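The sequence and structure come first.

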Amino acid sequence: MTPPHLHLDSLPKALDSQIVSATSISLSLPQPTKSFYRHGWQSWSLTAWTDPVRELPVMKPTSFHSRQTDPVYARYPHPNGSWLGAVELADGSIVFLGALGLNAHVAIRDGQLQGWYESGSGDWFVAHGDESKLFERYADLLGERFGRSVIKEHPRVWCSWYSLYNAINERNLETVLNGLEDLPFDIFQIDDGWQVSTGDWEPNEKFPSGMDALAAKIKATGRKAGLWLAPLAVSKNSSIYKHHPDWLLRDVNGKLYVAGFEWASESYALDTTHPEVIEWLKNLIHKIHGWGFDYLKLDFLSAGALPGKRYVDTPRETVYRDALKVIREAAGEAYLLLCGTPILPALGMCDAIRVGADVGNWWDSHFYSYLIYNQTTPSVRNGIRTSVNRLWLKYLVHVDPDVAFFSETKSLTPEQKQLFLDLTEICRFKATSDLPETWTSSQKNAIRQWLESEPVIQRTSRYAFTVDGRTVDFSPAMPLPPIPKYFDAVLSEILGFLGNQFWALKIWHWLIRYSSTNKDSKSGGN
Ligand code: 9PG
């Protein structure tokens, strides 16, 4: 019988490891400890080596927790992470504790590394030794249990999000498509902005010819057509919200669970234990695939694994993995990139996972990263930090670090741009959103070279690599901002409070929209 709790008083010997089964487990740690590897729940959630004693400030605004991290542990007062954790000891060796099943969490507390399954019990990989070897071994074990999916070619993608954002339409996408000329992009991926609403996955008025027509145009250029959708999220203005409230996840009190915000209006999550929802999901993926899209970027997926009350009472990550199984089957041979996804349940169910926060055309944001202390917010630095700390996943699945920027910009130095380019070489997942009209001919050449290159990569330490013999060091992206103090701490509280107010979010969204429309009209865009 599996013991409910297992305590290990002494560490496994160096380079030794064991697999044990328990509902919860604790391991006494030799002191002092240097750092703690916290693994974020979903694509965007912070993954980094951090202080092993003091937990980071609670991310602000709290209203976004369900969108950005595991809301169950967002206020946990000790350093913690999803499924796995590791502690670096004074001699540089690490102690590793990793769940080999779903619905598990790890924390460091009272001088112990602790792990627990939220429901039932499961296996744990417990080990002590060399960092890179143990992460590799853990990945191997996950591969045996969840499956590996690194069979297909790595895609080279043009994605509409990070230049056009929501301002996409038939015309400007066709302009980009033509502008790509013979550059070796395999995928032309249309991002958010084409749909009637989150939940109503039909083309809106900006796509009068229909998505199938656009897919055909893309394919005529020899590329695969890619489409973004958030199949497990539902916005308030969708017909699902209106006609099928019984399809939505509820909290323990039976109230609708707010899973996020769309332009400052609540969005909800589908309950995929409901048989009608599964039918709808299957039909949706068939429909999109039938339009001619062979590359699907599925987003905001953590909505499928949030805590709450479902039609059938099943552990939340198990429910989510079952939904992915349905999607995987319905999508046939299409390439599946999962985004905003809880990591472990996605293994073996997709071709690629976004492994870091969104990038933006800037290195870091004082406002987002420091003042509201939220490292899931968009910036190149937040993207690099989490992606580099998740590179051990690359033997199991393609890892997408998000898009690279080429166009001239004042907000990224050439070194910062290069660092991100090097990351895409290491991941071998190359994407950009840059508009071809902004490229000079030398930039175009650089892009061609980048798309065609396959440099030899070697990892020399936690953050250092060689790329065709050239040293690349990601250390500058790693430090976390200091914790706001004094006046900044007060300001941080005020901003956190405002971030939870609907009216303030509305003004914020309006300001962002206004400033980007202004930028567009100045640059002659749409
Ligand atoms: C489209 C975008 C792009 C992008 C995705 C995702 O509220 N949030 O916390 C939040 C996080 C990420 C995000 C959007 C909102 O970006 O990562 O590539 O597809 O959606 O809306």
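## Residue classes

Ala, Val, Leu, Ile, Met, Phe, Trp, Tyr, Cys and Pro are counted here as nonpolar, Asp, Glu, Lys and Arg as charged, and the others, Gly among them, as polar. The model is predicted.

## Ligand shell

By these classes, the shell around the ligand holds seven nonpolar, one polar and seven charged residues. There are 15 residues around the ligand, and Tyr-162, Asp-191, Lys-297, Asp-299 and Asp-358 come nearest. Helix H1 (65–68) and helix H3 (161–164) each give at least two residues to this shell.

Oxygen atoms of the ligand take part in several polar pairs. A side-chain N or O atom of Asp-358 lies 2.5 Å from a ligand oxygen; for Asp-192 the distance is 2.7 Å, and for a polar side-chain atom of Gln-68 it is 3.0 Å. On its own the ligand has 450 Å² of accessible area, of which the protein covers 88%.

## Largest cavity

The model has five cavities of 30 Å³ or more. The largest cavity holds about 320 Å³ of space. Its lining consists of 23 residues, with Arg-38, Leu-46, Glu-55, Met-59 and Thr-69 nearest the centre. Nine of the lining residues are nonpolar, eleven polar and three charged. Strand E6 (residues 80–82) supplies the largest share of this lining, three residues.

## Second largest cavity

About 60 Å³ of space lies in the second largest cavity. Its lining residues include Val-157, Cys-159, Tyr-295, Lys-297, Arg-354, Asp-400 and Asp-402. Strand E12 (156–159) and strand E20 (293–298) are the elements that give two or more residues to this lining. Seven of the lining residues are nonpolar, one is polar and four are charged. Lys-297 lines this cavity and is also among the residues that come nearest the ligand.

Terms used
Residues are numbered from 1 along each chain as its sequence is written. This is a predicted model: local features need pLDDT of at least 70, side-chain atom pairs count only at pLDDT 80 or more; totals for chains, interfaces and linings use all residues. Side-chain values use heavy atoms; hydrogens and water are left out. On a 1 Å grid over the protein atoms alone, a cavity is a set of points where a 1.4 Å probe fits but cannot get out, and a pocket is an open set with protein on both sides within 12 Å along at least five of seven lines; lining residues have an atom within 4 Å of a point. Grid points are joined across faces, edges and corners, and a volume is the space filled by probe spheres set on the points. Helices (H or I, at least four residues) and strands (E, at least two) are DSSP runs, numbered from the N terminus. A residue is near a molecule or strand if one of its heavy atoms lies within 4 Å of it. A polar contact is a pair of N or O atoms within 3.5 Å; within protein, one must be able to donate a hydrogen and the other to accept it, and residues adjacent in sequence count only if both atoms are side-chain atoms. Accessible areas come from the Shrake-Rupley method with a 1.4 Å probe; for residues, only the protein chains shown count as cover.
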